[in-house]
Amino acid sequence: MKISKHFFKLIASIIFLMVLSSCSDSAGETDELGDEPCIKTCRGEYVLNEETCNCEENIFVCEEVCETGFTLNDETCECEEDPVPCTLVCDSGETLNEETCECEAPFVPTVIAVEAETATLVADWKEKTDNDGYTGNGYIVWEGAAQFWKGAEDIGKAGLLTYKINVTVPGTYLFQWRSFIAKLADEKPATEHNDSWLRMPDADNFYGFKNATGTIVYPKGSGKTPNPAGENGNGFFKIYTNTIGWSWTSSTSDHNPHQVYATFSEAKEYTIEIAARSNYHGIDSFRLTLQKPE
């Protein structure tokens, strides 16, 4: 039987297409026939990973050798000069900052202390000397009616006392007052007659902070949130103690005590306001202690 030339041309075309489809240019690699062992040949900047039988990009190995006093940076393959060790010796009381190689004086916090009885007393605030242990000329006690839960609009209006403090070192200060419960209740004596209102209207920031949880609260009326648990408003915090006898405990937020802080950004005069809340809460003095900058 006679086979035509067209038939041979068709067979040749099919063989050519089969060979062409078996070739690969992906990832710079060409394959040889066979699965095991791997006989793949990689081109150019690729190397063969015999475990996976894949061509992978060749990783440059830095072979730079550095002179004495220099250290090789493997990422940049450059020799970098070793840092000069700090040999500075500081005077007694100073601390060496190894990063800057400078001697730093110890942090001495500025303390602003004010006697409570130095304000012009109004309404039913009374200056007393009955309870031993006070400082200055005496202490003050609110002997009028209790001023709690009378409506948010009335917070801080009764028995408002104004103090002026001179801040010479700007920064954040911890506020504490020395107070005591001047009348012990028959039940729960540590939680009755134990608080007054506090506001710092021109401080740049006035807030409560709890170190254990890192939480911050702001008084209602300040335009900031979150706010403390319990009664507060008009920018006033309720500041309480749960200690019998004189104590520097000065907390805000019911059942979740936060310490009270104020930030003063400028060296100038600022205002502190104390107002009546619980009757028979005695206040001897208060202080603001500068905190070390972070």
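In the predicted model, Cys79 is partly exposed, with a relative accessible area of 30%. This residue forms a disulfide with Cys66, the two sulfur atoms lying 2.1 Å apart. The torsion about the S-S bond of Cys66 and Cys79 is about -95°, so the link is left-handed. Distant parts of the chain are connected by this pair: Cys66 is located in the loop between β4 and β5 (70-73), whereas Cys79 belongs to strand β6 (residues 78-81), 13 residues apart. Cys66 is likewise partly exposed, at a relative accessible area of 22%.

The structure holds five disulfides in total. Among them is the bond that joins Cys38 to Cys53, with an S to S distance of 1.9 Å. Here the torsion about the S-S bond is about 80°, so the disulfide of Cys38 and Cys53 is right-handed. Cys38 is placed in the loop between β1 (29-30) and β2 (41-42), and Cys53 in the loop between β3 (46-49) and β4 (54-57); the pair therefore ties together parts that are 15 residues apart in sequence. Because its relative accessible area is 25%, Cys38 counts as partly exposed. Cys53, at 22% relative accessibility, is also partly exposed.

Another of the five disulfides is formed by Cys90 and Cys103, whose sulfur atoms are 2.1 Å apart. With a torsion of -95° about the S-S bond, the link of Cys90 and Cys103 is left-handed. Cys90 lies in the loop between β6 and β7 (95-97) and Cys103 in strand β8 (residues 102-104), so that parts 13 residues apart in sequence are tied together. The relative accessibility of Cys103 is 27%, which means that this cysteine counts as partly exposed.

Contacts between aromatic rings were examined next. The count comes to 14 aromatic pairs. One of these pairs consists of Phe180 and Trp246, with a distance of 4.3 Å centre to centre and an angle of 50° between the planes, and is tilted. Phe180 is part of strand β13 (residues 171-181), while Trp246 is found in the loop between β17 (237-240) and β18 (251-252); the pair therefore ties together parts that are 66 residues apart in sequence. Both Phe180 and Trp246 are buried. Tyr207 counts as buried because its relative accessibility is 13%. Tyr261 is buried as well, with a relative accessible area of 10%.

Phe180 and Trp246 also belong to a cluster, in which ring pairs link them with Tyr134 and Tyr139. A contact between a charged residue and an aromatic ring is made by Arg287, which lies over the face of Trp248 at 3.8 Å from the ring centre.

How values were computed
Residues are numbered from 1 along each chain as its sequence is written. This is a predicted model: local features need pLDDT of at least 70, side-chain atom pairs count only at pLDDT 80 or more; totals for chains, interfaces and linings use all residues. Side-chain values use heavy atoms; hydrogens and water are left out. A disulfide is a pair of cysteine sulfur atoms within 2.5 Å. Helices (H or I, at least four residues) and strands (E, at least two) are DSSP runs, numbered from the N terminus. Buried means under 20% relative accessible area, exposed over 50%, partly exposed in between (1.4 Å probe, protein chains only). Rings of Phe, Tyr and Trp (its six-membered ring) pair if their centres lie within 6.5 Å; planes under 30 degrees apart count as stacked, over 60 as edge-to-face and the rest as tilted. A charge sits over a ring if NZ of Lys or CZ of Arg is within 6 Å of the ring centre and within 35 degrees of the ring normal.
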